[in-house]
Amino acid sequence: MATVEIKNVRKSYGPVEAIKGIDIAIQDGEFLVLLGPSGCGKSTLLRMVAGLESITGGQVVIGGRVVNDLEPKDRDIAMVFQNYALYPHMSVFDNMAYGLKIRGVDKAEIESRVAKAAEILELGRFLTRRPSQLSGGQRQRVAMGRAIVREPAAFLFDEPLSNLDAKLRTQMRIEIKRLQDRLGITSLYVTHDQVEAMTLADRVLVMNHGVAEQIGTPLEVYQRPASLFVAGFIGSPPMNVLDAVIDPSGQGVMMPGGALLPLARPRPNDANRPVKLGIRPEHLAINEDGLDTSPVLVELVEALGADTVVYGRLPDGEPLLIRMSGLPSCTEGDRLAVAPQPGALHLFDTATGRRLED
Amino acid sequence: MQRRVIFDNKLLPYLLLAPQVAVTLIFFIWPASQAVWQSVHIQDAFGLRSEFVWFENFTAILSDPNYVGTLRITAVFSLSVAVLSMAVALLLAALADAKIKGAAVYKTLLIWPYALAPAVAAVLWMFIFNPEIGSLGRLLNAMGYNWDYRLNGDQALTMVILAASWKQVSYNFIFFLAGLQAIPRSVLEAANIDGAGPVRRFWTITFPLLSPTTFFLLVVDMVYAFCETFGTIHALTHGGPGKATETLIFRVYQDGVVNNDLGASSAQSVLLMVILIVLTTIQFRFVERKVHYS
């Protein structure tokens, strides 16, 4: 067990800078999720921590030791790969025992550790099988077993659930969470799936184009997205983003259609400033208190059972998503008066896309 | 569900098969049965009469002490060629698989020897090993080593082994490289993280995962060494000096074409065929067990 520090880490491929200086210190036992769209550099960052990619600049420190120039095998880490990367010619037992054998652990100890891991992961029956005789979920568990028998300083997960079907993914997600809670090993987990990030992480690092957009707990990232990118990436359906202007008094924001939404905290210094206004679909409700809001034309209604997603359009043509709990109470062609819940407005700078703090 | 092609025309499937069947009949079944037929006959020197002699040709060959020597040479030659060409090809393929500059050029150059006719290749080797005009041959003699493959049987055998292996390296290289590239990168990375250094990774992960390729090449290379090296040996040493480089296939030619003893030559062909069938069967029965097919 150990801390993992990533200090101003950079990665360039020729003139292209893929990782533009990431800084984060992961606490002992913390579960950090690297979240971002494909190509954002999250896997590269993980592979640099693992030692599978060279580090162009900065430092990776594992357990107080700078590991930049160490081989993966000397970094005391274990990694779970997207395609499992099991040794196809070895039994499940040998797959898990491989790393221990190399490290010269004695036979009895290997057997007890593998047996323990197999018990935790419910793999006891499969120890003599080859990976090809296992299902996807079982293979994934073997890959995790191989990681946990080593009792490494840190676990690295590279999109471990991407190859599983939706149901199994949910199940394995919970297993990973339980396992990490139980073992308390520092973990870095790469994913593009926001649900995995929200459910597994102690903290999330949201990446885009090789830059850390935001580092925070899942709820911080959801409630106070630091940028338009984070706002759009976290949350499903995504946040509505509208062009708006702070009204001259700084008390509210003026919507394109002319409606005025009150701000929780007035911004007199920003009077008349154009902003990007973010409102989550789930924070919009049908207006019942007679507030002056724009009527929304309902174009499409998706009834999901527990929720209803309404695809609407504002008078000026801007699309607006509304998520309501329960069954639909409107149909296509209706006009709805909707208003955001108080305090649910997010303001972003039009040029930089960064959040305007309250 | 199995998909089946339904032909309306009853004749068409046979027509489509005909060329392949014809090739097999004309170029394999016919000559092979001729060989079997001839192997139980003795012809006179002018080929006018032939007499059925049961297995006399076979008993004559098997009791010939020279034939045992030929068998021994063939065994040494074939095993050496198979092992040497595979080892060198595997080494080169492993290097080519690593990220190196100019890998494409390197790969192309390595494939060239395969495109060379055996006789041409043999001339190249002569230019290297000939004691008077060969670059290496002259160098060896200048250094005081008594090199002349035309007089020294062991040297001659070494040279034909080198030449025959060299030609097969290209073929093996292509297969090994394809095999290496089929090994998922992440499996090797996992082994690296598990603590295995490059040498250990190679022997515990790469090599076992290559075993289908290695096994296939072992079979192919043995057949190559037994049957297809005639041109190389013929051009380099003519089986000599003495019988130092006379392999089974070379003796088949020697007895049949040069000495005109068709019966003996045919009997040897049949024996060679039997030896190859037995060898291949043994390989499939015993070596293939250790092969892991994913």
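Biologist: In what order do the strands of the open sheet in chain A lie?

Modeller: Strands (E, at least two residues) and helices (H or I, at least four) are DSSP runs numbered from the N terminus, and two strands pair if DSSP finds at least two bridges between them. In this predicted model, 6 strands of chain A form an open sheet in the order 6-7-8-3-9-10, with mixed pairing. Strand 6 (77-80) and strand 10 (211-216) of chain A are the edge strands, each pairing on one side only.

Biologist: On what basis are residues numbered and chains lettered, and which limits apply to the predicted model?

Modeller: Residues are numbered from 1 along each chain as its sequence is written, while chains are lettered from A and ligands numbered from 1 in the order in which they are written. Local features need pLDDT of at least 70, side-chain atom pairs count only at pLDDT 80 or more, and totals for chains, interfaces and linings use all residues.

Biologist: In which sense do strand 3 and strand 9 of chain A pair?

Modeller: Strand 3 (residues 31-35) and strand 9 (residues 203-208) of chain A pair in the parallel sense over 4 bridges. There, A:Leu34 stands opposite A:Leu205 of strand 9 of chain A.

Biologist: How many residues does each chain bring to the contact?

Modeller: Residues are in contact if their C-beta atoms, placed from the backbone, lie within 7 Å. Chain A brings 18 residues and chain B 17 residues. On the side of chain B that touches chain A, helix 8 (185-193) and helix 9 (198-209) of chain B each supply at least two residues; helix 8 of chain B gives the most, with 6 residues.

Key:
Contact = placed C-beta atoms within 7 Å.
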